[in-house]
Each structure stands twice: as structure tokens, then as C-alpha cells.
Amino acid sequence: MVATTLESPRVETLAGSGIQLIPKEYVRPKDELISITNIFEEEKSDEGPQVPTVDIADILSEDKAVREKCYERIKDAAVEWGVMHLVNHGISNELMDRVRVAGQAFFAEPIGEKEKYANDPGTGMIQGYGSKLANNASGQLEWEDYFFHLVYPEEKADLSIWPKRPQDYIPATREYAKELRGLATKLLSALSFGLGLEEGRLEKEVGGMEELILQMKINYYPKCPQPELALGVEAHTDVSALSFILHNTVPGLQLFYGGKWVTAKCVPDSIIVHIGDTLEILSNGKYKSILHRGLVNKEKVRISWAVFCEPPKEKIILKPLPETVTEAEPPLFPPRTFAQHMAHKLFRKSQEAIDDSKKVQPQEQNNAETDIPQPEEQQKTEESNPQKIEILKPGEEASSSP
């Protein structure tokens, strides 16, 4: 049983109101509910496939053979999974802790204080404090609030909309963004090598030092009284080139791999990195932009810090690089700008939601399965059409890593 009305624009307020039943707008479709499980039990299990952990300590080794062996480990994870836990990545635990503390302190502020930073996607003001708006025919919502803003390059960042409290929010976030930008260069070099390209090629193709931007989305997932019915972030792939994920060691991230949902472990001192659509397109599908989602729970608040590395919206045409295309492997993706790719995902998601809503006849709603594809069917569709699974992002409504 679920509640039938939605009264609060903020999930935090809703979660703190003492409700025992979540509003119907947050309840997932029947086909999704069968796969939502207890995230703590899932995280403890060692059965089945596990998200790879890649030690990149040697990524800057002066010994070419040692460095290239490290590159191979990164390539293997990108080809097989499209996601990995990075350890020995060079970003200090002290800095990661400062980022966590600052973000947690912002979300610990009263709602009224956070509302001073509220965004307004309807007017194009996508940066700031917000909650997911319904953007599909079903009107479904996700169990999260967020803070979204551009963090790098510094000259493009609007510090006036960054939280003033806590005092360390701005300095910690700026330093972390710089460190991630350097890490992005290292990974792009390794991934270029994995495609048989010059080490600087992929970075150039996504905008280089001047044009590649980093945008941070802090995801705040309150405790949920009915976690078996909701999702923090629905299944999607990221539009970015790379996405870096830091979290507060509360599990929630799941990856769709091998026909089922796999829960990511909480690996100490690691940063999770996703391959995004941009690199999947440039590599002609050799690197995977994996379908993923975020689960919630009733015991602990989960917070994650997602940083999306994105190419310029209009200046670059994204298409498979010539070196990745052969007669046996023709281009899998049509040429599009980054903006066009995001618009295509938005259109496709809206159309599929409309189509799905039409498939459910009144007499089917209580007693029969809907015609929405099951996860196994989604996987088959992805293999035959890599752009089939396309979901959206905060503000832009085009991707939102959990």
C-alpha cells in the first residue's frame, strides 16, 4: 500500500514528516519492483560478478612497460564493464574527507537555508539545489534531492551560487575538482592507448584542457520508509566522457551486468569511475557506457558526489573515430554534437514513457504483467541497438550517476 498524494517538493521534507507510506509518484513500475532488493544484504554478498577494482599506482611510471601494463588493466575494465573502483588514484584521503564533510554539512542545513540556493530548471537555471522533476508521461519521481553546479574550469564556475556554509565547501570543492581534472587526463591517456591511439587523442576529442568541463552533482538520498518500492536514481547511462563517484560509504549503486543487477561494494579509499556515452561513441562501442541505478534504504542517509566530465555542447561532433571502424565493425552511432545527443536521449525517453503508458490497459493494471521490457529484454535491446537505453540528467535532464 502507498500514499496517494505528493505534498512536498523536497524529498528530505517528505522523509522527515514521519510518513510510513511513500506517495504513488515515487513507486516504481511492477517490472522494476521485482529486482529491487535489500542493498545492505546485496553489498555483503561475494557471490556472482563483482565490479572490478583497478590499482592505478603505476599510471605515471617512468618505465613504459610498467605504465602500459597499468593501461591494460584500465582498458580491460572499460571494455568488460565500463565502470571500476580506482585505488591508488593519487587524490588524498584528507581531501576526499573534506569534500564529504563539506557536502554533508550543506545538506545538514535547515531546508530554508538550502532553498536560498534553489535552482529553476523551467527557466534554464539548472545549477543549484533541487529535486528531480517529473519529465515523463508516468510522472515518476526519484527519492533524492541534489546540488548541481559546474566546478571546472575555475573561470567558468559561478562561485556566487556555491554554498557559503560550511566555509570549507568552496576551497575543498575547488581543490578536488582540480585533482579530478588531472586524473581525467591520466585515464583518457590510458584509454587512448587501449584503442591503439596516441595517448593524448581522446582528451583532444572531448575538448582538451580548454573545453572539457566538470560538473558536480551531490546526490542526497534520505531514509525511505518503503525502499522496496522506490529508486534513488532510475536506470540510465551517463552522457559524459567520464563520471567520477565519491560516496559516504553507504551502498546504493547497482550496475546492469550479465543480465542482472550487480551491487557495487564500498571499497575503502576508492573513487568509482564510469565510462560515459561520449567515450562509448568515440570508441565505436568498444568501451561500455553501462546501465546503472541507485537504491535507497530505511536505515541510513546516502550521499554521493558525482562529477561529470563533459565535452563542449556544440563545438565537437561525436562519432566513432576512424581508427575504431572497419568493414567488420561499421559505425554504431550517427554523428551528433553533445547537445544533440542529450536532446536525442530526452526525446527517446519521453517517447518510450508515452508508449509504455499506452501499453498498460486498465484491466491489466492489477492482475497482469505490463509490456515494459524486463531487464533481460533491455540487455538484448542494448546489444542490437546501443542507443536504446537512454535516460536523463539533472538540470539538463540527461544523466545522473548515483
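**Figure 1. Salt bridges across the predicted model.** A search of the whole structure gives 24 salt bridges, each a side-chain nitrogen of Lys or Arg within 4 Å of a carboxyl oxygen of Asp or Glu. The model is predicted: local features need pLDDT of at least 70, side-chain atom pairs count only at pLDDT 80 or more, and totals for chains, interfaces and linings use all residues. Residues are numbered from 1 along each chain as its sequence is written, and side-chain values use heavy atoms, with hydrogens and water left out. One network of salt bridges links Arg28, Glu32, Lys132, Glu142 and Glu234.

Figure 2. The closest N and O atoms of Lys64 and Glu68 are 3.9 Å apart. Both residues belong to H4 (residues 64–80). They are four residues apart, about one turn of the helix. Helices (H or I, at least four residues) and strands (E, at least two) are DSSP runs, numbered from the N terminus. Lys64 is exposed, at 52% relative accessibility. Here buried means under 20% relative accessible area, exposed over 50%, and partly exposed in between (1.4 Å probe, protein chains only).

Figure 3. Arg181 and Glu203 join through their side chains, N to O, at 2.6 Å. Arg181 is in helix H7 (residues 169–194) and Glu203 in H8 (residues 201–205), so the pair ties together parts 22 residues apart in sequence. Arg181 and Glu203 are both buried. A salt bridge also joins Glu323 to Arg201, with 2.7 Å from N to O. This pair links distant parts of the chain, 122 residues apart: Arg201 is in H8, and Glu323 is in the loop between strand E13 (317–318) and strand E14 (336–337). Glu323 is partly exposed, at 43% relative accessibility.

Figure 4. Rings of Phe, Tyr and Trp (its six-membered ring) pair if their centres lie within 6.5 Å; planes under 30 degrees apart are stacked, over 60 edge-to-face, and the rest tilted. Trp81 and Tyr257 are stacked, at 3.7 Å centre to centre with 5 degrees between the planes. Trp81 is in the loop between H4 and strand E2 (83–87) and Tyr257 in strand E8 (residues 253–257), so the pair ties together parts 176 residues apart in sequence. Trp81 is buried at 6% relative accessible area, and Tyr257 is buried at 19%. Phe147 is buried at 0% relative accessible area. Tyr117 and Phe147 also belong to one aromatic cluster, whose members include Phe106, Trp162 and Tyr220. Elsewhere, the charged end of Arg293 sits over the ring of Trp261, 4.2 Å from its centre; the rule asks for NZ of Lys or CZ of Arg within 6 Å of the ring centre and within 35 degrees of the ring normal.

**Figure 5. Strand E12 and its partners.** In E12 (residues 302–310), nine of nine residues are buried. Arg302, Ser304, Ala306, Phe308 and Glu310 point one way, and Ile303, Trp305, Val307 and Cys309 the other. E12 pairs antiparallel with strand E5 (residues 213–221) over nine bridges; strands pair if DSSP finds at least two bridges between them. Leu214 has Cys309 of E12 as its bridge partner. Strand E7 (residues 242–247) also pairs antiparallel with E12, over six bridges. Here Leu246 is bridged to Trp305.
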